[in-house]
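Let's walk through how two chains meet. Have the sequence and the 3D view open, and follow along.

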There are 2 protein chains.
Amino acid sequence: MAKQNIYDNETFFTEYRKLREREVNANNLFELPTLFSLLPTLEGRKILDLGCGSGERCMDYINKGAAKVTGVDISEKMLAAARSENSDPRITYLNMAMEDIGSLDESYDLVISSLAFHYVEDFGGVVENVYRLLDDGGIFIFSQEHPLATCYSGKGDRWTRDENGVKLHVNIENYCVERRTDSTWFVEGVQRYHRTFSTIVNTLADAGFRILKMVEPVPTEELLEKYPEYYDLFHKPDFLFVKAVKG
Amino acid sequence: MAKQNIYDNETFFTEYRKLREREVNANNLFELPTLFSLLPTLEGRKILDLGCGSGERCMDYINKGAAKVTGVDISEKMLAAARSENSDPRITYLNMAMEDIGSLDESYDLVISSLAFHYVEDFGGVVENVYRLLDDGGIFIFSQEHPLATCYSGKGDRWTRDENGVKLHVNIENYCVERRTDSTWFVEGVQRYHRTFSTIVNTLADAGFRILKMVEPVPTEELLEKYPEYYDLFHKPDFLFVKAVKG
């Protein structure tokens, strides 16, 4: 199956880095706090980070006490940034597609992946490998674009608005048709793989995982007051988190 | 918390019975086959059916070999129909709200509920009681209206259509706002409780269940050819199924 490496596209890389450097973005406001809220104690743990990008999370995990972090990413550009910006003797960066982690021969207490799996065609294969790489009782935490987001294929208006431009509802098309949805995000042809909720749950269950928690992050009242535009997330969450345990 | 008994409304009862008697309906085409596909072997099993209505499923379970079936429903009218149409010495019908099953003192191999939980405010309480009533290794299977359906609150157009009236997409509003959505279905004021996917999953996980499978039923190609109007389900599934195990 295809392995996408859009982050090595020069334009995508530059624009993506700019986006993530903005102080106020959905990642900082919603994705990151949710990810951190799901983490167990990291003290002394061996962690595998799938789709580690420029390594900010790897460094966070070290700062939270992890003994060893392995960061895997398909993009050489992102890993070059990781090695220069988030280097530590306890972190190993590997230039590898997530689909190829079957070749790793270590085991981990914790496998984490932030916003990467919607780029992966062979989700089932990755999940099976994660299960194998985890120790018994090991924890698997990942975020991905929400299924109500990945099903958008760019056709028609995504939102219906009232006469003042306020979003009334989101238009959902073919939620149950699992497929690659190509879209333009900085560059043309960014490929996402849309999977339903039930497929995500069943893929985990079939691999042997017990699901502990799922989160669809929305703004707190406090955040909403500051950034009312994020009310959108109540109509269509951007992210889906899963926390599961091996065994 | 409120316990709804809409099925004892004379108009609702009559119209609902007519709907279910129609040979072609979403229940017969999608809900029932999915429910049956999720059942384990029933031979010799003790089964609790929550929201059993007029008892068709209770009788189905007996015909599939169940040793004993207890059917629980809040509606006296539905149970009167059950007792006259689906009576068997191995079936016991109890006129009881699902919220009150904590008072039962038997244990079961299998708890099943078909299209009832979206009427229940205290979903968490019901799930905890189901867990307690199940034997270790016992199976819990339920269907409910899909979260993309329960979030509809009757405001605005539900569907966007092209110039030929073909449905292009469904309009989803406040999916992440959990709430009671009152609507008119045969009668005014039918109360559904909208819960997100993550709440449904977390309620089960928190009670101690391991989720084995979720299904969002869509038509097969064969069915679609016969009933093209059910393409709707690819945009917005009507039903969500969960199969989980205690332990």
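In what order do the four strands of the open sheet stand? The order is S6(A)-S7(A)-S7(B)-S6(B), with antiparallel pairing. Strands here (E, at least two residues) and helices (H or I, at least four) are DSSP runs, numbered from the N terminus, and two strands pair if DSSP finds at least two bridges between them.

A quick word on the source: this is a predicted model, where local features need pLDDT of at least 70, side-chain atom pairs count only at pLDDT 80 or more, and totals for chains, interfaces and linings use all residues. Residues are numbered from 1 along each chain as its sequence is written, while chains are lettered from A and ligands numbered from 1 in the order in which they are written.

Where the chains join, S7 (167-172) of chain A runs antiparallel to S7(B), and three bridges link them. Look for Asn171(A), whose bridge partner in S7(B) is Asn171(B), and for Val170(A), which stands opposite Ile172(B).

Now zoom out to the whole contact (C-beta atoms, placed from the backbone, within 7 Å). Chain B puts in 32 residues and chain A puts in 32 residues. On chain B's side, the elements giving two or more residues are S7 (167-172), helix H7 (197-207), S10 (209-215) and helix H9 (232-235). S10(B) has the largest share, six residues.

Technical notes: Contact = placed C-beta atoms within 7 Å.
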